[in-house]
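Reader: Hi! Could you walk me through the salt bridges in this one, and then the core?
Author: Happy to, here it is.

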Amino acid sequence: MLARSAFTALALCSAAVSTSALAGNTDAWSVTGGIYAYLPTISGTSAFSVPPSTGGSEASVDINKLLDHLNGVFMGSLDVRKGEWGGFTDLLYMDIGGTKSQTRAMTIGPAGLPADATATADYSLKGMVWTLGAYFHAEARPDLNVDLLMGARLLDLDQSLGWTLAGDVASVPVIDRAGHRAAGIKSWDAILGAKGRYVFGEGRKWFIPFYVDVGGGDADLTWQAMAGLGYSFGWGDVLASWRHLDYEFAEGKALQNLAFDGPAFAAVFHW
């Protein structure tokens with residue numbers, strides 16, 4: 001199931017590599033950071049189990065039909081290198097919510113909503129995605145830089161869903177005609193991957209940045225990929241890219257899947 005919501009985020013880019021590393025200065029410290037405008041769509045399916053104290057049926061929500069605006073987001077990362085080794089960290093914090101009236105974006109119990117029933121639903125998603133890793137400089141040529149990386153990613157989210165049913169709801173138990181559910185998920189996952197850039201053109205000013213990782217642990221599968229096109233100036237780079245972050249979970253989890261997918265635009269600085 002898909003959910004789509006555009007938002008803008010400020011971010012520091014760990015995918016771009018430093019000018020000094022590309023030039024072969026492997027003994028100097030180098031730090032890479034940037035400011036991003038990130039506008040992804042969000043997709044996912046979420047299930048809320050029965051709270052034992054109140055009873056009622058399990059609720060599930062089609063996030064794409066409810067998640068239509070952003071309350072707040074912060075996205076930042078830092079990349080530090082010395083010699084052939086380096087490290088990076090990336091943090092995405094989100095506070096996202098949506099409210100819809102007369103929607104059929106959710107189900108109550110295994111049979112779903114009756115054909116003539118609709119719901120007013122209020123959904124929120126708050127939390128963070130934190131990636132921490134180290135890398136080894138595997139390939140350094142005048143036109144190509146590649147780092148092999150390993151690390152871990154934490155997904156820590158809290159969700160809530162409130163609803164009121166209307167229409168022909170005689171077949172729905174009274175306890176299910178209005179309600180509220182909350183659920184959280186915390187997933188630690190190991191990752192392996194690669195990142196770098198390929199430079200080309202007159203003066204080697206143009207470049208293609210790339211990043212990819214894949215892993216698992218508490219999640220059945222998580223993966224992330226980014227590629228784009230950039231241009232180098234004396235002070236740093238500007239670039240446009242496409243970034244995708246994906247999670248798949250086992251049956252019974254509060255989130256069954258979650259993905260961010262969309263374009264990003266950045267000014268990247270090197271120190």
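Author: R153 and D213 form a salt bridge, with their closest N and O atoms 2.9 Å apart. A salt bridge here is a side-chain nitrogen of Lys or Arg within 4 Å of a carboxyl oxygen of Asp or Glu. This is a predicted model, where local features need pLDDT of at least 70, side-chain atom pairs count only at pLDDT 80 or more, and totals for chains, interfaces and linings use all residues. Residues are numbered from 1 along each chain as its sequence is written, and side-chain values use heavy atoms, leaving out hydrogens and water.

Reader: Which strands do R153 and D213 sit in?
Author: R153 is in strand β8 and D213 in strand β10 (residues 206-217), 60 residues apart. Strands are DSSP runs of E, at least two residues, numbered from the N terminus.

Reader: And are R153 and D213 buried or exposed?
Author: Both are buried, meaning under 20% relative accessible area with a 1.4 Å probe, protein chains only; exposed is over 50%, and partly exposed is in between.

Reader: What about K186 and D156?
Author: Their side chains meet in a salt bridge at 3.9 Å, N to O. K186 is exposed, at 53% relative accessible area, while D156 is partly exposed, at 24%.

Reader: Nice. Which residues are linked in a network of salt bridges?
Author: D79, R81, D147 and K195.

Reader: Switching to the largest nonpolar core: how many residues has it?
Author: It has 40 residues, and M94, L157, L161 and F260 have the most contacts inside it. Such a core is a set of buried Ala, Val, Leu, Ile, Met, Phe, Trp, Tyr and Cys residues joined through side-chain atoms within 4.5 Å.

Conventions. Helix = DSSP H or I, 4+ residues; strand = E, 2+ residues; numbered from the N terminus.
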